[in-house]
Amino acid sequence: VEYPLAMVLACLCRDVADEPRDARAKKLDIMIPIALGLLMVALLLGGRAVHSDRAGVAIKMLVAAPLFINYGFLKRPRRFALGVGACLIGGSLFGGILGTTVHVERNFFGVVRVTHDDAGKYVQIAHGTTLHGAQSRDPARRRDPLVYYSRTGPLGQVFDAFRAMGSGPKEVGVIGLGAGTMAPYRQPNETWTYYEIDPAVISIAENPAYFTYLTDAFPDRDHLRIVLGDARLRMHDAPDHQYDLIVVDAFSSDSIPAHLLTREAIALYVSKLAADGFIAVHISNRYLDLEPVFGNLAKDAKLASRTRRDFDVPQAELDAGKAMSQWLVLAPDVAHLGTIQDDARWVETRTSSQPVWTDDFSNLLSVYRW
């Protein structure tokens, strides 16, 4: 609330000494902002009817119209400020492209929302505008991993290769909890440790009123650990060579914790990896091409690496809750990748001429999708 309020108050702080103060001008100072707010609501409601794969662009274009109109009143500070406020209020009435908000909380790490999609088929968790997990509200499908974690996607293959390593107790370490959407892959002989920095995400994922992935996969919780804190710091406390599989799922969309993709971070992951284990990394991103970053890191650490770009997803699977994604795997030896190494969909991870990222150096502009 305070951010839009601060914008309106900042606009009201402008000099209004030369504004006309006749009765007609005062009336228009109220009526025009109200009209702009109503226009914003009307345009946003119309944008909701646009097909989902074009809705984001269409809504941004629609929202621009009342804002550009309001810019014409820049020389009338009161009218301009009230117009900004009206547009913001109108925009706040719109549920957003992720659907209707059913829960929202904010802390140091930002705003986390739980939403229901427009059709009421899925419950979702979003951080800002980024979807971090979803679950079907149909009881028959509630154990299906959705979005980036689909069984027909790269992560499904990762766990197929992991299962092929043999039976017996296994340890899985996961950086990033989200809704716990990958928990359905867990088998009874496995102990999973999640590293999550945001306490709000943990409370939402553990609340069966929103998501049941964790309660379904770990009914007794004896084989579930959730470690609160920064993964780079907290994973240091884990015994060396503890994890048979490490999944790094902290690079989705517009939030990039660069300290998790450096030479030092890779060395930490490898030190916690079992002798025949491997690492899976989720690198789907709207703005940055992280593949060459990991390609360079793998080359620097003398690791085998493969990536799968799962972008050509059939419409039927999209309708069923799957999302496009890109994953890569890293291992001390290519043989550790099992069935992945012989699958044509998994290709050599691309490298670049850029320097290897370290705790002292990173270059986001070099991987920006211009």
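This is a predicted model: local features need pLDDT of at least 70, side-chain atom pairs count only at pLDDT 80 or more; totals for chains, interfaces and linings use all residues.

Visitor: Why is Ile34 called partly exposed?

Guide: Ile34 has 45% relative accessibility. Buried means under 20% relative accessible area and exposed over 50%, with a 1.4 Å probe and protein chains only, so a value in between counts as partly exposed. Ile34 belongs to helix α2; helices (H or I, at least four residues) and strands (E, at least two) are DSSP runs, numbered from the N terminus.

Visitor: What makes the nonpolar surface patch, and which helix gives the most to it?

Guide: Ile30, Met31, Ile34, Leu38 and Leu82 make up a patch of about 460 Å². Helix α2 (residues 23-48) gives the most, with four residues. To join a patch, a residue needs over 30% relative accessible area and no salt bridge; nonpolar side chains (Val, Leu, Ile, Met, Phe, Trp, Tyr) are joined within 5 Å, like charges within 9 Å. A salt bridge would be a side-chain nitrogen of Lys or Arg within 4 Å of a carboxyl oxygen of Asp or Glu. The areas come from the Shrake-Rupley method with a 1.4 Å probe, and for residues only the protein chains shown count as cover.

Visitor: How many aromatic pairs are there, and what makes Tyr148 and Tyr149 one of them?

Guide: The structure has nine. For Tyr148 and Tyr149, the figures are 5.8 Å centre to centre and 80° between the planes. Rings of Phe, Tyr and Trp (its six-membered ring) pair if their centres lie within 6.5 Å; planes under 30 degrees apart are stacked, over 60 edge-to-face and the rest tilted, so this pair is edge-to-face. Tyr149 also pairs edge-to-face with Trp327, at 6.2 Å and 70°.

Visitor: How do you know that the charged end of Arg151 sits over the ring of Tyr185?

Guide: It lies 5.0 Å from the ring centre. The rule asks for NZ of Lys or CZ of Arg within 6 Å of the centre and within 35 degrees of the ring normal, so Arg151 qualifies.

Visitor: And why are β8 and β9 called paired?

Guide: Five bridges join β8 (residues 243-248) to β9 (residues 273-282), which run parallel. DSSP has to find at least two bridges for a pair, so these strands qualify.

Technical notes:
Residues are numbered from 1 along each chain as its sequence is written. Side-chain values use heavy atoms; hydrogens and water are left out.
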